[in-house]
Amino acid sequence: MAGSAAATAPSEAGTPGNMGDVRRSNLALVLGRVVQSPAGSHLTRAQIAAATGLTKASVSSIVLDLLEAGILREVGLSRQGERGRPGVGLELNPARGVMGMEINVDYIAAGVTDLSGRVVVQDIRERDNRDSASAPVMSALAGLASDVRRAAAAKGVEVLGGGLAVPGLVEAGTSTVTVAPNLGWRDTPLDLSGLLPGAPLGVSLFNEANAAALAELAHGPHARRNFLFVSGEVGVGGGLVIDSELFTGPEGNAGEVGHIVVDPAGTRCSCGGTGCLETEAGQDAIFAAAGIQVKGRSRSESMSRLLAALAAGDPDALQAVQRAGRSLGIAVASASRMVNVRSVVLGGHFAVLDQWLREPLLEGLAKYAPGALPPEHVTTAVVGESGALLGAAGSVVRALVEAPHRLQA
């Protein structure tokens, strides 16, 4: 699994310390080796011992703990390069899973993946969350999560914990949304406890664009280790990945490309600034410029109307999307200069509208950051609209890999 941490040397060979800490470190080391093994391979205890430098007895004891916790399961016999008697292979237990959840301006969503990232069940419900108090939104999401959890259980998958992605800044390690302008939330604590009652890992809170960036890291090309992910929804978000790690800055707010100023004489943004990318390339801005009325219509209906207008060559629709593409090019050029990334991944409506906004986007890059981003390095997301869900769920799995002792009695 991309982005998961693994120790590079066995704790048994390290400096003396608390034996509980050593045990926890070795649990993470062994589980990390299983997670990082190639798809379809099933490492044996002996292979894990050889790869980690731990003794076979230690590995056997740790594997027993992971089996009892339900994280791993045994799968038949495996030779895979071993001499003599074949060993028993190990893999992540497909009967255990995590839930990704998302709150956005006009929908809520929830989905369960197994520990390998395979989607088991998923559901999206349209809901107008703009300027709504957090309590009714969380209540609606809790109902959806309960339904999805039951559907996963019917398929034999127990949910261990979950992650919630929201379109705003979050206070790291807490359940507080610092600011989500398009929801109307500021310094808003969320009651996460009601989403997955009884789940041993609980629920963690994530920024939507950061979660989607992590999903792209996990499911995208393995060679791509550095990129800027730009998420287009009602707002515009960004996630910055450097050396296969999400970079969020000292306060967790790095990568907010949606609030890069692209027109100093532009319109007021929901963040309080003026002329931000979001005011030019967010969904509301594009729909308004294209003459598409969104009131009384769902997000998907409005986007369908826009796509139909573009396909028909409607000049207002074409001009609206081209303007968004030019503004996106300015913002990406500025971001690429600042953080020295040479790859950009477009998600959300930017991916959907790629064929119409790509040319003005590339023109903007060529004008404002010539040579910084080759055209072939501007790609669309492989995870589609499920990015935030997959990323939030995957973050919970990564946390479990780093601290598997959390599931032990």
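Start with domain 2 and domain 3: their centres, taken over C-alpha atoms, are 25 Å apart. The bounds come from an automatic or database domain assignment. Colour domain 1 (44–75), domain 2 (96–213 + 388–407) and domain 3 (221–381) separately.

This is a predicted model, in which local features need pLDDT of at least 70 and side-chain atom pairs count only at pLDDT 80 or more, while totals for chains, interfaces and linings use all residues. Residues are numbered from 1 along each chain as its sequence is written, and side-chain values use heavy atoms, with hydrogens and water left out.

**Between domain 2 and domain 3**

Select the residues in contact (heavy atoms within 4.5 Å): 16 residues of domain 2 touch 22 residues of domain 3. The area buried between domain 2 and domain 3 is about 1500 Å², and carbon and sulfur atoms give 50% of that area. Buried area here is the accessible area (1.4 Å probe) that two parts lose on being put together, summed over both. Next pick L169, N210 and A213, which supply 30% of the area that domain 2 buries against domain 3, more than any other three residues.

Now show R130 and D284, which form a salt bridge whose closest N and O atoms are 3.0 Å apart. A salt bridge is a side-chain nitrogen of Lys or Arg within 4 Å of a carboxyl oxygen of Asp or Glu. The count of salt bridges between domain 2 and domain 3 is one.

Turn to the secondary structure, where helices (H or I, at least four residues) and strands (E, at least two) are DSSP runs numbered from the N terminus. On the side of domain 2 that touches domain 3, β7 (169–170) and α5 (208–219) each supply at least two residues. The largest share of that side, five residues, comes from α5.

**Elsewhere in the chain**

The structure holds 14 salt bridges. For one of them, select R23 and D65, with closest N and O atoms 2.5 Å apart. This pair links distant parts of the chain: R23 is in helix α1 (residues 19–36) and D65 is in helix α3 (residues 56–68), 42 residues apart.

Last, go to R224 and F227. R224 lies over the face of F227, at 5.0 Å from the ring centre. A charge sits over a ring if NZ of Lys or CZ of Arg is within 6 Å of the ring centre and within 35 degrees of the ring normal.
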